Amino acid sequence: MVWAGIMINGRTSLRVVANGTMTGQRYIDDVLLPHVRLFRGAVGDKFVFMDDNATCHRTLAVQDCLDSEGIQRLVWPARSPDLNPI
């Protein structure tokens, strides 16, 4: 499994997630805190985070983490390939 973040004028490095299942806590520890939080800091207050509706992305722990970091999530429909540029 891989993860990456993109925007109009930048991107994160590709993150390879190996050895196990992606859980909400692992998503927080391996993706949100080390990558998304820093990316948000670089972008500033207009940052809006877009992820899909994978089960691990929708846990209460993930929502609490995003709220505590002040990260706004874009609401979008599940299984919508037109909205996923990656």
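Analyst: A strand is a DSSP run of E, at least two residues long, and a helix is a run of H or I, at least four residues long; both are numbered from the N terminus. W3 lies in strand β1, residues 2–3. The model is predicted, so local features need pLDDT of at least 70 and side-chain atom pairs pLDDT 80 or more, while totals for chains, interfaces and linings use all residues. Residues are numbered from 1 along each chain as its sequence is written, and side-chain values use heavy atoms, without hydrogens and water.

User: How many helices and strands does the chain have, and in what order do they run?

Analyst: There are 2 helices and 6 strands. From the N terminus, the order is β-β-β-β-α-β-α-β.

User: Why is W3 called buried?

Analyst: Its relative accessible area is 15%. Buried means under 20%, exposed over 50%, and partly exposed in between (1.4 Å probe, protein chains only). Across the chain, 33% of the 86 residues count as buried.

User: What does W3 touch?

Analyst: Contact means heavy atoms within 4.5 Å. Leaving aside neighbours within four places in sequence, W3 meets T12, S13, L14, R15, Y27, V31, H35 and V36.

User: How do you know whether N19, V43 and D30 are buried, partly exposed or exposed?

Analyst: Set each value against those cut-offs. N19 is at 77% relative accessibility, so N19 is exposed. This residue lies in the loop between β4 (15–16) and α1. Phi of N19 is near 60°, a positive value in a residue other than glycine. V43, in helix α1, is at 34%, so V43 is partly exposed. D30 also sits in α1. At 17%, D30 is buried. Beyond neighbours within four places in sequence, D30 contacts R15 and H35.

User: What makes α1 and α2 roughly parallel?

Analyst: Two packed helices are described by the angle between their axes and the distance between the axes. Helix α1 (residues 24–43) and helix α2 (residues 60–68) pack at about 30°, with axes 8 Å apart. The axes are lines fitted to C-alpha atoms over the stretch in contact, and angles run from 0 to 180 degrees between N-to-C directions. Under 35 degrees counts as roughly parallel, over 145 as roughly antiparallel, 65 to 115 as roughly perpendicular, and the rest as oblique. The two helices are therefore roughly parallel.

User: Which residues meet where α1 packs on α2, and what class are they?

Analyst: G24, Y27, I28, L32 and L33 in α1 meet A61, V62, C65 and L66 in α2. This contact has 8 nonpolar, 1 polar and no charged residues. Nonpolar here covers Ala, Val, Leu, Ile, Met, Phe, Trp, Tyr, Cys and Pro; Asp, Glu, Lys and Arg are charged; the others, Gly among them, are polar.

User: What makes a set of residues a nonpolar core, and which members touch the most others?

Analyst: A nonpolar core is a set of buried Ala, Val, Leu, Ile, Met, Phe, Trp, Tyr and Cys residues joined through side-chain atoms within 4.5 Å. The largest one has 16 residues, and Y27, L32, V36 and F49 touch the most other members. Its largest share, 6 residues, comes from α1. Not counting residues up to four places away in sequence, F49 touches Y27, L32, V36, L66, I71, Q72, R73 and L74.
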